[in-house]
Amino acid sequence: MRKISYLLLCLFLTATAAFGGGYQVGLHSMRSIGMGLIGTSLSADASSLFFNPGGAAFVNEKWSFSAGMSFVFARATFQAKDVNYQATLKHEVNLPFYFYAAFKPTKNLSVGLAINAPYGNRLSWGDEWMGRYLIQNLSFKAITYQPTVSYQFKNIIGVGIGLVYATGTMDLNKAIPLQGANGDATLNVKGGTGNFGFNAGIMVHPVKGLSLGVDYRSKIEMKVKGATATFDVPSSLKSEFPDNKVDVMLPLPANLDFGASYEFGKNKQWMVGINLCYVFWNTYDSLVFDFETKTSTINRTATAAMYESRLIERIGLQYQINKLVTVRVGGYYDPSPVPTDYMNPQTPSTNETGITCGFSIYPFKGFSIDAAFLYLMGAKREGTFSPENFAGTYRTGFSIPGIGLSYSF
Amino acid sequence: MKKIIFILLSVSLFVACERKIDEFSPSANGVNFTKFVAVGNSMVAGFADNALYLSGQQNSIPNLVAEQLKTVGAGPFVQPLIGTEEGVGVTAVTGGFYCYTKMALKIVPDKDCNGDPIGTSSIRPAIVNTTVDQNTLKQQLLAAPTVAGPYDNFGVPGVNVKYACVPGYGAYNPYFARFASSAATSSVIGEAAGRQPTFFMIWLGDMDALASATSGTDLLLTPVDTFAKYYPLATGALIASGNNPKGVAATIPDVTSLPFFNTISKQLPYNSVTLTAEQAAGLNFLYTQYGHGDIVWKEGQNPFVYSKPDGSWAQMQQGDLFLLTLPTDSIKCKGMGIANPVTYEPYPIPGQYVLDVAEQANIKTHIDQFNQIIKATAMAQNLAVADMNTYMKSFISGLVFDGIAVNTTFVTGGMFSTDGVHLNPRGCAITANYFIQAINAKYGCRIPEANITNYPGLVFP
């Protein structure tokens, strides 16, 4: 089992996703995805390490592992305002993954490691499209490594905290509206960085069957220092656009999540849960590029983002049919953090409604194959990125099947 | 069984995932666009970079408008295309014409006052081919267009409102002679009316002011009463041509919006002459010797001296504009504006390179009055107005379209061609969209705009 998890990890460590309000990704456990992405009040498996470190100590088994991967099929269409022009996102499959391992040295204490991809954005509109002076393609991915410790008192209250180390890489291409003999000039920015944050949570089981959780994941300031900036410009302009180093600053926003879930029915076959996730998007007010070698043309640019903080509402339901099969459904609403005047094709964010379903099959005790499917519909949205006067209507959609394995013993 | 249902459900959801948006739906709103005809001067002809050339014509403002009008029923828009990409520009000289190719940005070695290279170079507009002989250029200019007529673009570089109405104008302007159906007898307006447009665009009158302004004078301005007589005649002839057409008329831009007038003075202030007390005394003595004792030089900053069209000399004032044609080498090396260091003669800047404050004021007054006539005529004849005067002024501080920032700065501004008066393809696309907006606003139609990002700015070497 560990081997399989390890393989999965190696295979998909490089993958990431583009979806959700802004560039936050919510695909962290197939069981959670099946139930509308809830998780803050759940403690069924090692994924608690991420959703709420306070819940990890409630996991009964001494060892527990969970790993999986989603296949994100993103679709987006753009219709330019007043122009007879449409573009669609190039079809690429993004593969966000998760891996959790928890160990309980004592009945009340749990230690573990969570590795997953909570932020990312990868898309390609193509090199020739109408918005190429804003973005041609972008790949930004952050992978977090979170060693965690969790402790619970008397099966009633659990607290936990994890240290988060995030690694980020970015690769961005855009055209520059200056023409040489071969057409547009271009800019490529490529670089990586790492930084620390934390994840802390509390879980309470006040009465039998009821679980309440609160979790806070801190903001992580990703400063890509000295990324490589390569300009492809006409030779007469090379002195204005020297190949360069650039510092890029992109914040990964903090999250404050509340969750409640209740088990009921015969043998607690049923469970219903809700989550309220507040994302502190307001931290992302601009995307800053600070070039090391400055000229009269390139220097420090701050492209306004003006994101607004948003509350995501999630609900999920689980039914254990028998010892072999458990099924799940759920849904959520993820309002776009992007103001209408700042709709940027870099992150074509619309208000999104997600419908989910999933199941787990238990071939033998403690081991499960978990699958989930998320269908995410973005509302049609007209917007302008006013700093660059780029206007149109966007419509997005995602189909996200995923599969994972869990093993506890 | 459940698994199968689940898989089926998944597959059906995949298929449903393609995200459709309704495409732009054009609407003519009852306006008949089937026969579109354009009339005007160089701005309409697709003239750019100081010459008429093939791709310039293909990117002409009316051609870009016509392309969009096809979505609301317009037929083909035939232009009198010239068979050369290097193009032909024309300057009238005594007894005929002097021709040259277009200009383009080139890397030119910088030279000192002796003409020796100093090791640096700069990007400047330069004639693309200096070796073609006059005969070849004249043949290219007067050769039949590469596509057969009749034509729909009656943009004739150099034509003003009166000349557009004059029969036989082709005898005076090779740009009309090259495609006129009967150059000896027809007029530009007459031929355009002969096409019996259902919709027309007229951008006429720039030359009535700009021909004078680009010569550094206000003496060649068309008298306002002449303009008032001929402009309504021109539009009236088109409206009476048979198909009861609708149309759009454009106003004349202000000279301050054009790089030709606002570039050099930003780099070379009018009072860039720095003198010591001795130098000032010497120049005062020299100018007195030549009968211009009224011009007083002093220690410190002094204005350049220029000659006015009437032959009088004056010191420049704040607000006087150098034209783009100013030979800056002569300023730097030959004492132009002060005194010739070799012959020790006063050397005023020839008036053709300076548009002084008084001339600017007179030109502005004329342009304002011309524009009032254009607007009044358009209103009386129920035409849409593309107010290019107002629109071009908005580019002085700069606008941005789809990530492309443009302004009226020469070369780096991104919308004008290398001659500083005419637009490059990107500028043409931006302007074509403004015409389309004017048509949509007046007639309540929904004509799509051009995708500006399809049209290049200046090409850098």
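Start with chain B, coloured by domain: the assignment gives domain 1 as 36-255 + 358-454 and domain 2 as 271-315 + 321-355. This is a predicted model. Where the two domains touch, domain 1 of chain B contributes 10 residues and domain 2 of chain B contributes 11 residues. Select the domain 1 side of that contact and colour it by class: three residues are nonpolar, six are polar and one is charged.

Stay in chain B and select B:Gly149 and B:Pro150. The peptide bond that joins B:Gly149 to B:Pro150 is cis, and its omega is near 0°. Most peptide bonds are trans. To place B:Pro150 in the fold, show the loop between α5 (134-142) and β6 (153-155) of chain B, where B:Pro150 lies.

Next, show both chains and select the residues that meet across them. Here 28 residues of chain B contact 36 residues of chain A. On the chain B side, the elements that give two or more residues are α1 (2-15) and β16 (399-401) of chain B. The largest share of that side comes from α1(B), with three residues. Coloured by class, the chain B side has 15 nonpolar, seven polar and six charged residues.

Now hide chain B and look at chain A as a whole. Shown as a cartoon, chain A has three helices and 22 strands. Among the contacts in chain A with a separation of 6 or more, 69% are between residues 24 or more positions apart.

Finish at the loop between β7 (137-153) and β8 (157-180) of chain A, where A:Lys154 is placed. A:Asn155 is found in the loop between β7 and β8 of chain A as well. Most residues other than glycine have a negative phi. What is phi of A:Lys154? Phi of A:Lys154 is positive, near 50°, and A:Asn155, not a glycine either, has a positive phi of about 60°. Are these residues buried or exposed? A:Lys154 counts as exposed because it has 7 C-beta neighbours inside 10 Å, and A:Asn155 is exposed with 11 other C-beta atoms within 10 Å; the cut-off for exposed is 12 or fewer.

Methods:
Residues are numbered from 1 along each chain as its sequence is written. Chains are lettered from A and ligands numbered from 1 in the order in which they are written. This is a predicted model: local features need pLDDT of at least 70, side-chain atom pairs count only at pLDDT 80 or more; totals for chains, interfaces and linings use all residues. Domain bounds come from an automatic or database domain assignment. Two residues are in contact if their C-beta atoms, placed from the backbone, lie within 7 Å. Ala, Val, Leu, Ile, Met, Phe, Trp, Tyr, Cys and Pro count as nonpolar, Asp, Glu, Lys and Arg as charged, and the others, Gly among them, as polar. Helices (H or I, at least four residues) and strands (E, at least two) are DSSP runs, numbered from the N terminus. A residue is buried if 20 or more other C-beta atoms lie within 10 Å of its own, exposed if 12 or fewer, and partly exposed in between; C-beta atoms are placed from the backbone.
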